[in-house]
Amino acid sequence: MSFRLRIFLLVLVVAVTAIGATAYLTISLTYREAARVDAARDRHEAAIVGTIRAFGIRNGQWAGIDGVVSELSGSTGLHIRVETPDRLVVVADSDVLDKRKVGPVQLLSRQVQPAPDLDRLITAAADQVSMAAALAAGPRDPLLRKIRGARAPVAIPAMPGLPDDLFGPIPRGEPDAQALYQLAQYRAALTTTRCMADRGAVSPALALTTPPYLDAGQLAAEPSCVTSATGEVLGDRAWLAQRWRDLSSCRLAMAAFDECLANEFAQAALEVSAVPVEVYFGAPESPGIGELSRPAGYAVAGVIVVAALGTAWIARRVSRPVRLLTGASLQLAAGRLDVRVPHGNVADELAALSASFNSMAEALQRSEERQRRLIADVAHELRTPLSNLRGYLEGLADGVIEPSPELFASLHEETLLQRRILDDLQVLALAEAGDLDYAPAPADLAELTEAAATAHRAVAANAGVELVVDAPEPVVVHADPDRTRQVIGNLLSNAIRYTDAGGRVEMLVRRDAQGATLTVRDTGVGMSPAEVARVFDRFWRADPARQRATGGSGLGLTIAHRIVADQGGTLSVESTPGLGTTFTVRLPSF
């Protein structure tokens, strides 16, 4: 796994951990808050809805509901919002009332119908009692309470009897007649309460108690409100007649009489009561830091631990190799070319960097060694002939040696050899610096080979070596003719030099798919694989004694290799000890 991939995976792990912890925390807290709201709603929903409904039933309007909603929110810990069914009007919102940021509420709501329930208790004796007497007796009359049942909607001031013609032939004790009586009671109770509230006798938002809402003392405080309310209800004969028609029509429903009567009663009650509303529940506000402290602390601690461990691992993985590389580079600059950086077997970028440093150090060491060998070789190559020249010159000066033409010819040959070595060193230095001049032009490689063979036939004949040229057709290459002829001559002279008498040197020129090929093959002494690896090194000789005897400088193959490479070609060698050596030159052709 590469170092880059490791860093990517570590960053990914940290990011995923942070995102996962945040998501877990958010989902967990949201779930907990939703569960808390659901639990609180299950515990308090009935009481909240009943209280709001009772307020609407008692007051017939929603003015003053703000205080009730705020009190319910404080006692239950819930966010309570009361809206109209079309959600266009917010009647009350506990967050707004408590000056908090308005939080969300659940989509599920409870509808509140602020109308009293119709007493469905039917008694056989109801029609035997005078309704007028029952009304005159007031809400404390036992028979009236019996007719109303255990869930009497409201208590109202005493009213005269309802007009007889409202009931027609139906006895007043029948359920629909009782429903009309209760409806008239409810309207009279709302009218009385509003009248007393306007006069300051009671608060618009009455204390929530079980019925009756207005006791006898409160009613006696404002008798005119009782009288006006009773008169308003009994005087609205059109309303009473319409309500009677609606209620008495339920007799046609027969089996569904009770349900029909209850629905008609509720619809009629809503005409004088408050509008229906929807009650929504939610959390009172966002969870505080106290609720977040433990899970948030765990999440933050986990992310910090992962980030710290990952950062420490990255720092160690990066800093240790960097420190090693820094120390090794300082030692390398100080001249310790044998210093190396351990990189182990891990295949990542840092290990590759360490390996590259080691390769660079090895290359510098080899270059330094080659430079030292070059200096030593140059000194060695020049020392022996210069010593000979010095000895002869001193002998001539002292009169120890008699001058002769042969001696002067030998000294001249030694001088030419040193000059050739210096010329070769100059050519090699220019070639390696990229300053060697070339004049590339179309040239026939076969013709250049024939010319080189012609120049070396006399040398080959004197050495007893057969020289054969196989160049059946012209092969045009794009190269410097003089430099190419220099390469061919060097290869040919080496082949003759290392081939014993009776041997054979072949020169073959061919054209193939890769370009032009010149092959120089001999049947000489050959070279071992180790010698083949060094054949292009400067001043290296496979047989130093043989080359010194014949005047070789040890730079010819190095120069030839550089010339071929500079012209876009290759020079390769194959050799087998005792069987011979083959040099192959490849050059681009037309």
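Student: What pattern do the disulfides of the chain follow, with bonded cysteines counted along the chain?
Tutor: The pattern is 1-2, 3-4. Please bear in mind that this is a predicted model.

Student: How many disulfides does the structure hold?
Tutor: The structure holds two disulfides. One joins Cys-195 to Cys-225, with an S to S distance of 2.1 Å. The other is formed by Cys-250 and Cys-260, whose sulfur atoms are 2.2 Å apart.

Student: And what kind of bond is a disulfide, in general?
Tutor: It is a covalent bond between the sulfur atoms of two cysteines.

Student: Let us take Cys-195 and Cys-225. Is that disulfide left-handed or right-handed?
Tutor: The torsion about the S-S bond of Cys-195 and Cys-225 is about -70°, so this disulfide is left-handed. The pair links distant parts of the chain, 30 residues apart. Cys-195 belongs to helix α6 (residues 175–198), while Cys-225 belongs to helix α8 (residues 223–235).

Student: Are Cys-195 and Cys-225 buried or exposed?
Tutor: Both Cys-195 and Cys-225 are buried.

Student: What about Cys-250 and Cys-260: what is the torsion about their S-S bond?
Tutor: The torsion there is about -70°, so the disulfide of Cys-250 and Cys-260 is left-handed. Cys-250 sits in the loop between α9 (237–248) and α10 (257–272), and Cys-260 sits in helix α10, so the pair ties together parts that are ten residues apart in sequence.

Student: Why does Cys-250 count as buried?
Tutor: Cys-250 counts as buried because its relative accessibility is 0%, and the cut-off for buried is under 20%. Cys-260 has a relative accessible area of 21% and is therefore partly exposed.

Student: Changing topic, which strands does β8 pair with?
Tutor: Strand β8 (residues 504–512) pairs with strand β6 (residues 466–470) in the parallel sense, over five bridges. Strand β8 is also joined to strand β9 (residues 515–522) by eight bridges, and these two run antiparallel.

Student: Which residue in β8 is the bridge partner of Glu-466?
Tutor: That partner is Arg-504. On the β9 side, Arg-511 stands opposite Ala-516.

Student: How many residues does the hairpin between β8 and β9 pass through?
Tutor: The hairpin joins β8 to β9 through two residues.

Student: Now the surface. Which residues form the nonpolar patch?
Tutor: Leu-5, Phe-8, Leu-9, Leu-12 and Val-16 form the patch, and together they have about 430 Å² of accessible area. Leu-12 lies in helix α1, which spans residues 3–59. With a relative accessible area of 41%, Leu-12 is partly exposed.

Student: Where is Asn-358, and is it buried or exposed?
Tutor: Asn-358 is in helix α12 (residues 349–398). Its relative accessible area is 9%, so Asn-358 is buried.

Student: What is Asn-358 in contact with, leaving aside neighbours within four places in sequence?
Tutor: Asn-358 is then in contact with Arg-340, Val-341 and His-343.

Student: Finally, the chain as a whole: how many helices and strands are there?
Tutor: The chain has 18 helices and eleven strands. Of its 590 residues, 41% are buried.

Student: Among contacts between residues at least 6 apart in sequence, what share joins residues at least 24 apart?
Tutor: Among those contacts in the chain, the share is 72%.

Methods. Residues numbered from 1 in each chain as written. Predicted model: local features only at pLDDT ≥ 70, side-chain atom pairs only at ≥ 80, totals over all residues. Heavy atoms only, no water. Patch = residues over 30% accessible without salt bridge, like charges linked within 9 Å, V, L, I, M, F, W, Y side chains within 5 Å. Areas by Shrake-Rupley, 256 points an atom, 1.4 Å probe, with all protein chains shown as cover. Salt bridge = Lys/Arg side-chain N within 4 Å of Asp/Glu carboxyl O. Helix = DSSP H or I, 4+ residues; strand = E, 2+ residues; numbered from the N terminus. Buried < 20%, exposed > 50% of the residue type's maximum accessible area, 1.4 Å probe, protein only. Pairing = 2+ DSSP bridges. Disulfide = S-S within 2.5 Å. Contact = heavy atoms within 4.5 Å.
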